[in-house]
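Work through the two exercises with the structure in view.

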Amino acid sequence: MTPDLLDLDSLHTPEELAIRATVRRLLDAEVRPHVSRWYEDGHAPVPELALRFGALGLLGMHLTGYGCAGTSAVSYGLACLELEAADSGVRSLVSVQGSLAMYAIWRFGSAEQKQEWLPRMATGAAIGCFGLTEPDHGSDPGSMSTTAKRDGGDWILRGTKMWITNAPVAAVAVIWARGPEGVLGFAVPTGSAGFTAREISHKLSLRASSTGEIVLDDVRVPDSARLPGARGLKAPLSCLTQARHGIAWGALGAARDCLSTTIDYALSREQFGRPIAGFQLTQAKLADMAVAWNQGYLLALHLGRRADAGTLTPEQVSVGKLNNVREALAIARTCRTILGANGISGEYPVLRHANNLESVLTYEGTSEIHQLVIGQKLTGLAAFG
């Protein structure tokens with residue numbers, strides 16, 4: 001049962017609803033029947049999924065040209081919602097591919113780089129990753145230790161990147177490094193000498209996602225690998241703004257799946273001679289969660305419309321990421337209480353979503369970082385550091 005209390009579908013165009021339905025059908029057929037097993041195994045068939053998503057036009061779908069679908073930001077948001085309703089790790093594959101790796105090349109790359117990578121990335125034939133976070137530099141990327149030094153007509157990259165989605169299966173890595181005059185970006189083929197990507201195992205969250213550590217051991221790349229339009233930290237941060245918009249939608253998908261599962265469960269589970277959905281405390285929980293979900297949806301839709309109008313700001317994206325992920329996690333945790341002991345069973349998606357959302361809460365900017373972004377907008381004072 002859907003938690004939509006406000007006839008939210010009436011706010012969408014027929015094209016947007018058709019895209020949503022197409023994405024949902026694919027996930028129902030090829031992801032939902034298998035994702036709990038992928039999560040338990042700690043492994044998903046990422047290359048195969050990328051090809052299926054590419055065939056549907058999901059990879060870089062909000063970009064134009066080079067085989068990309070060129071859809072609206074709202075349509076992309078709806079796709080993210082459906083993807084994360086299946087699993088946050090599955091949505092992360094699409095988000096990192098399109099909003100980080102592809103967007104960086106699309107926005108800052110040369111004509112040659114765009115032609116070399118984007119058509120293959122759009123089909124899923126080439127997977128990309130986005131190397132910004134480091135073992136000692138997460139929320140403070142400006143202090144990154146990875147360096148890029150000139151050596152004749154080449155660059156030598158040295159450093160380590162950590163918690164990089166898609167890294168173990170990527171063909172190209174967008175690497176951010178500190179150069180002589182500030183932060184620079186590079187499109188680095190992962191087959192380059194000195195480039196290694198190690199799968200991070202023993203994760204308790206995002207287990208259906210491929211996550212890696214990248215080591216750059218004097219990786220030599222030509223100057224043609226440098227993203228010519230990327231100068232300074234604003235370049236990778238603008239990519240993060242793209243991804244965070246998708247997350248504001250995606251988190252709603254995880255929350256919707258939890259709520260729908262829980263409503264159906266409460267209607268069928270009987271205690272004291274009647275369904276637990278008929279108890280006041282259960283209805284109070286369901287009502288509060290549904291209201292929070294509808295509020296989050298309206299917020300995401302507002303941000304999407306602003307993105308399509310070209311008026312969306314990073315601070316507004318921070319509002320969406322902070323609120324919707326925080327509320328989605330609260331919804332998942334509350335749903336788990338209604339399911340009781342069954343809430344921890346893999347037969348239900350609730351605890352899997354809750355565990356995944358613990359990562360979503362932290363990546364692409366922790367809640368605290370987004371609070372400081374919003375605080376700076378409100379006061380004009382920077383409180384970072």
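The lining of the largest pocket has 17 nonpolar, 20 polar and nine charged residues (Ala, Val, Leu, Ile, Met, Phe, Trp, Tyr, Cys and Pro count as nonpolar, Asp, Glu, Lys and Arg as charged, and the others, Gly among them, as polar). This is a predicted model, where local features need pLDDT of at least 70, side-chain atom pairs count only at pLDDT 80 or more, and totals for chains, interfaces and linings use all residues. Residues are numbered from 1 along each chain as its sequence is written, and side-chain values use heavy atoms, without hydrogens and water.

**Exercise 1.** Describe the lining of the largest pocket.

*Step 1.* Find the centre: among the 46 lining residues, G138, L240, R244, E364 and G365 lie nearest to it. (A pocket is an open set of points on a 1 Å grid over the protein atoms alone, where a 1.4 Å probe fits, with protein on both sides within 12 Å along at least five of seven lines; lining residues have an atom within 4 Å of a point.)

**Exercise 2.** Describe the second largest pocket.

*Step 1.* Start with its space, about 410 Å³ (the space filled by probe spheres set on the points, which are joined across faces, edges and corners).

*Step 2.* Of its 18 lining residues, H62, Y103, Q242, A307 and L312 are the closest to the centre.

*Step 3.* Here α7 gives the most, with four residues.

*Step 4.* Sort the lining by class: seven nonpolar, nine polar and two charged.

Note on methods. Helices (H or I, at least four residues) and strands (E, at least two) are DSSP runs, numbered from the N terminus.
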